[in-house]
Amino acid sequence: MTEEKKIKIGKICNHINTVLFILFFINVCVIPIMNKMFFMISTPIIVILFSVSCIVSHVLLKDYKPE
């Protein structure tokens with residue numbers, strides 16, 4: 001994989017991380033009005049996706065130095 005492609009995928013993962021963090025924040029803040037089963041399923045899924053995306057982003061962008 002070329003460096004350009006790694007940087008592009010890493011930046012996309014960073015955007016995905018931002019969206020997943022916002023979803024997690026919304027999911028946690030609206031728990032009183034949400035279905036308990038939906039909360040119990042969606043929270044671990046969001047956390048796992050966020051973790052995987054963070055790791056991939058970190059690995060792909062570890063040598064990236066913006067100009």
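The model is predicted, so local features need pLDDT of at least 70 and side-chain atom pairs count only at pLDDT 80 or more, while totals for chains, interfaces and linings use all residues. Residues are numbered from 1 along each chain as its sequence is written, and side-chain values use heavy atoms, with hydrogens and water left out.

**How the helices pack**
- Helix α1 covers residues 3-29 and helix α2 residues 36-60; they pack at an angle of about 155°, with their axes 8 Å apart.
- These axes are lines fitted to C-alpha atoms over the stretch in contact, and angles run from 0 to 180 degrees between N-to-C directions.
- The two helices are therefore roughly antiparallel to each other, a term for angles over 145 degrees.
- The contact of α1 with α2 has 16 nonpolar, eight polar and one charged residues.
- In this classification, Ala, Val, Leu, Ile, Met, Phe, Trp, Tyr, Cys and Pro count as nonpolar, Asp, Glu, Lys and Arg as charged, and the others, Gly among them, as polar.

**Buried residues**
- In α1, the buried residues are G10, C13, N17, L20 and N27; buried means under 20% relative accessible area, exposed over 50% and partly exposed in between, with a 1.4 Å probe and protein chains only.
- The cover over these α1 residues includes α2.
- In α2, the residues F39, S42, T43, I46, S53, S57 and L60 are buried, and the buried residues of α2 pack against α1.

**Two residues in detail**
- S57 lies in helix α2 and is buried, because its relative accessible area is 5%.
- Apart from neighbours within four places in sequence, S57 is in contact (heavy atoms within 4.5 Å) with G10, C13, N14 and N17.
- F24 lies in helix α1 and counts as partly exposed because its relative accessibility is 29%.
- Not counting residues up to four places away in sequence, F24 touches T43, I46 and V47.
- F24 and I45 are 21 residues apart in sequence, and their C-alpha atoms are 9.7 Å apart in space.

Technical notes:
Helix = DSSP H or I, 4+ residues; strand = E, 2+ residues; numbered from the N terminus. Parallel < 35°, antiparallel > 145°, perpendicular 65-115°, else oblique.
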